[in-house]
Amino acid sequence: MSVFEVRQGTSPVILGFPHTGTDVPAEIWERLNDTGRLLADTDWHIHKLYEGLLPDVTVVRATFHRYVIDANRDPENVSLYPGQNTTGLIPETDFDGLPIWKDGAAPTEADTAERLRQFHAPYHAAFLAEIERVKAIHGIAIVYDCHSIRSHIPFLFDGKLPDLNIGTDMGRTCAPEIEKAAVDIAASAEGYTSILNGRFKGGWTTRHYGRPETGVHAIQMELAQSTHLAAEEPPFALDASKAERLRVPLRAILQRIENTAFDLKTLTGSEA
Ligand SMILES: N=CN[C@@H](CCC(=O)O)C(=O)O
């Protein structure tokens with residue numbers, strides 16, 4: 001059974017979903033404690049939230065849960081935020097800092113090596129193949145990595161998270177025009193707060209693939225779950241009317257990014 005899903009499109013934009021998957025193999029499920037089994041740190045439903053917003057977009061989605069192994073972390077487990085609370089390649093805790101494995105059942109180095117091989121590597125091989133395919137069509141590819149998180153998590157940040165959190169690793173992962181496209185639409189989205197490179201600056205996917213000088217740009221969108229869930233607690237149900245409202249600025253952001261990609265392609269003469 002595949003550990004990822006791909007939908008191929010002809011747009012220069014590729015949507016990544018590393019954290020919407022909820023598949024946990026039985027032998028790994030056995031080792032999770034009751035806290036872990038809540039799968040609380042899932043980016044609940046956001047692949048459905050983005051469905052149909054940009055007709056020809058490519059989608060790459062991991063179907064395994066981030067507690068199996070986190071597809072948005074460095075395979076060498078280098079911390080995203082050295083010195084700050086965060087979660088690692090195979091998390092030991094959830095976002096509240098609570099242990100997720102039964103006593104004595106935490107993953108070993110051998111488990112990490114095996115899960116890199118079975119899950120992380122195939123997902124990123126598929127991702128890279130899509131970047132290369134799209135870049136062969138357009139001479140440019142834009143990775144837009146889709147995320148969501150609870151808006152109150154004292155272990156990770158103080159206070160309430162803004163609604164739309166854009167991450168470009170301080171401008172390193174994409175052209176300024178692409179960053180501006182997202183920032184401008186987010187800032188003018190009525191009823192939503194937004195920030196650029198606040199607490200969430202972009203995970204490993206964004207930082208790894210975003211190489212603007214090679215024509216591959218990456219940008220991350222971290223949505224506060226209060227913008228589209230009925231409540232930020234189990235069962236983490238989608239609120240259909242909140243979701244419909246949020247789809248308006250998300251569609252506008254994706255369209256503006258796509259148009260910017262076409263502009264950049266013309267400017268740089270990078271037509272393939
Ligand atoms: N919902 C997930 N959030 C991402 C954020 C990466 C970042 O720090 O920007 C994650 O933990 O991988």
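Reply: Asn197 counts as partly exposed because 18 C-beta neighbours lie inside 10 Å; on this scale a residue is buried with 20 or more other C-beta atoms within 10 Å of its own, exposed with 12 or fewer, and partly exposed in between, the C-beta atoms being placed from the backbone. The model is a predicted one, in which local features need pLDDT of at least 70 and side-chain atom pairs count only at pLDDT 80 or more, while totals for chains, interfaces and linings use all residues. Residue numbers start from 1 along each chain, as its sequence is written.

Asn197 is found in the loop between strand E6 (194-196) and helix H5 (204-209); helices (H or I, at least four residues) and strands (E, at least two) are DSSP runs, numbered from the N terminus. The phi angle of Asn197 is near 50°, a positive value in a residue other than glycine. Asp169 also has phi near 50°, again positive in a residue other than glycine. Asp169 sits in the loop between strand E5 (164-167) and helix H4 (176-187), and it is partly exposed, since 18 other C-beta atoms lie within 10 Å.

Seven strands form an open sheet of mixed pairing, in the order E1-E3-E2-E4-E7-E5-E6; two strands pair if DSSP finds at least two bridges between them. Strand E1 (4-7) and E6 stand at the edges with a single partner strand each, so one side of each has no neighbour in the sheet. From one strand to the next, the twist averages 15°. H3 packs on this sheet, touching E1, E2, E3, E4 and E7, and its direction makes about 175° with that of E3; axes are lines fitted to C-alpha atoms, for helices over the stretch in contact, and angles run from 0 to 180 degrees between N-to-C directions.

Strand E2 (residues 13-17) is largely enclosed by the rest of the structure, because five of its five residues are buried. Both faces are covered: Val13, Leu15 and Phe17 are buried on one side, and Ile14 and Gly16 on the other. E2 runs parallel to E3, joined by four bridges, and it pairs with E4 in the parallel sense, also over four bridges. Gly16 stands opposite Val60 in E3, and its bridge partner in E4 is Asp145. Leu15 has Tyr144 as its bridge partner in E4.

Tyr144 carries this picture into the nonpolar core. Residues up to four places away in sequence aside, Tyr144 touches Val13, Ile14, Leu15, Ile219, Met221, Leu254 and Ile257; a contact requires C-beta atoms, placed from the backbone, to lie within 7 Å. The largest nonpolar core has 62 residues, of which Val13, Ile14, Leu15, Ile142, Tyr144, Ala182 and Ile257 touch the most other members. H6 gives the most to this core, with seven residues. Such a core is a set of buried Ala, Val, Leu, Ile, Met, Phe, Trp, Tyr and Cys residues joined through C-beta atoms within 7 Å. In soluble globular proteins, nonpolar side chains tend to be buried together.

Pro234 and Pro235 are joined by a cis peptide bond with omega of about 10°. Within H6 lies Leu246, which counts as buried because it has 22 C-beta neighbours inside 10 Å. Beyond four places in sequence, Leu246 is in contact with Leu49, Thr227 and His228. The C-alpha atoms of Leu246 and Gly191 are 9.7 Å apart, although 55 residues separate them in sequence.

The sheet also contributes to the surroundings of the ligand. The ligand is surrounded by 14 residues, the closest being Asn72, His147, Ile149, Phe200 and Gly203; a residue is near a molecule or strand if its C-beta atom, placed from the backbone, lies within 6 Å of it. Strand E4 (141-149) and strand E7 (216-224) each supply at least two residues of this shell, and E4 gives the largest share, three residues. The shell has three nonpolar, eight polar and three charged residues, where Ala, Val, Leu, Ile, Met, Phe, Trp, Tyr, Cys and Pro count as nonpolar, Asp, Glu, Lys and Arg as charged, and the others, Gly among them, as polar.

Technical notes
Two residues are in contact if their C-beta atoms, placed from the backbone, lie within 7 Å.
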